[in-house]
Amino acid sequence: AHRLEAGLPRGDWLPPAMESAQGLHDLEAAGRSGVLQSLRVLVELPSGAGALTPTGWAALGRLEARLAAEPEIGSVRSFARFESERPMSKLLFFSMEAEDRRSWVTEDRRGVLLEAVPREGVDPHRLLDVAARLRRVDPAAVSNLPGVRLAVGGLPAFRLDYVNAVAGWLPRVAGLIL
């Protein structure tokens, strides 16, 4: 019972004939397997600070930089790069395909998805720590905008939640079995 772990399996544990295992190996060979472990960070801007306002744009830029500063993160993607001081033009924003735009930004432009793609070869177990660290970030302090909220999702965040849920019940289950 002391050796039981609620964590993720290690190594190449999927049967090699499975299509998902073959796809993973193909992505690894192409140097793109990190995309499977992306963290999805939903930023909710406060009222009056949409993504295309100078205030919202600057806040998103600071949050994007904070995500990119994680050593395990290779790139951060969204509907735009937040490197310039001025927001992208509304003409350019609305010239994006509507479906693409809706994938990244809510209709009111207060909800913005940032996708943090891990560096290639990062151990998936370390990404659980990244998800936990990002959930502890004070978004108002990082973005310099009061009222900003973050929600961290994606496969690593789901696994973190799963491990925490299972680990909490493991002693009770082991005791019941014994």
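User: What pattern does the protein chain follow, read along the sequence?
Analyst: This is a predicted model. The protein chain holds 7 helices and 4 strands. Read along the sequence, they follow the pattern α-β-α-β-α-α-β-α-α-β-α.

User: Where is the place of Ser143?
Analyst: Ser143 belongs to a helix that covers residues 139–143. That element is helix α6.

User: Is Ser143 buried or exposed?
Analyst: Buried means under 20% relative accessible area. The relative accessibility of Ser143 is 0%, so Ser143 counts as buried.

User: Which backbone oxygen does the side chain of Ser143 reach, and which backbone nitrogen?
Analyst: A polar contact needs a pair of N or O atoms within 3.5 Å. At 2.6 Å, the side chain of Ser143 reaches the backbone oxygen of Pro139. At 3.3 Å, the side chain of Ser143 reaches the backbone nitrogen of Leu145.

User: Which residues does Ser143 touch, not counting those up to four places away in sequence?
Analyst: Contact means heavy atoms within 4.5 Å. With residues up to four places away in sequence not counted, Ser143 touches Ala59, Arg62, Leu63 and Val148.

User: What share of the contacts with a separation of 6 or more is between residues 24 or more positions apart?
Analyst: The share refers to contacts in the protein chain with a separation of 6 or more. Of these, residues 24 or more positions apart account for 75%.

User: What percentage of the accessible surface belongs to carbon and sulfur atoms?
Analyst: Of the 178 residues in the protein chain, 37% are buried. The accessible surface of the chain comes to about 10900 Å². The part that belongs to carbon and sulfur atoms is 56%.

Conventions:
Residues are numbered from 1 along each chain as its sequence is written. This is a predicted model: local features need pLDDT of at least 70, side-chain atom pairs count only at pLDDT 80 or more; totals for chains, interfaces and linings use all residues. Side-chain values use heavy atoms; hydrogens and water are left out. Helices (H or I, at least four residues) and strands (E, at least two) are DSSP runs, numbered from the N terminus. Buried means under 20% relative accessible area, exposed over 50%, partly exposed in between (1.4 Å probe, protein chains only). A polar contact is a pair of N or O atoms within 3.5 Å; within protein, one must be able to donate a hydrogen and the other to accept it, and residues adjacent in sequence count only if both atoms are side-chain atoms. Accessible areas come from the Shrake-Rupley method with a 1.4 Å probe; for residues, only the protein chains shown count as cover.
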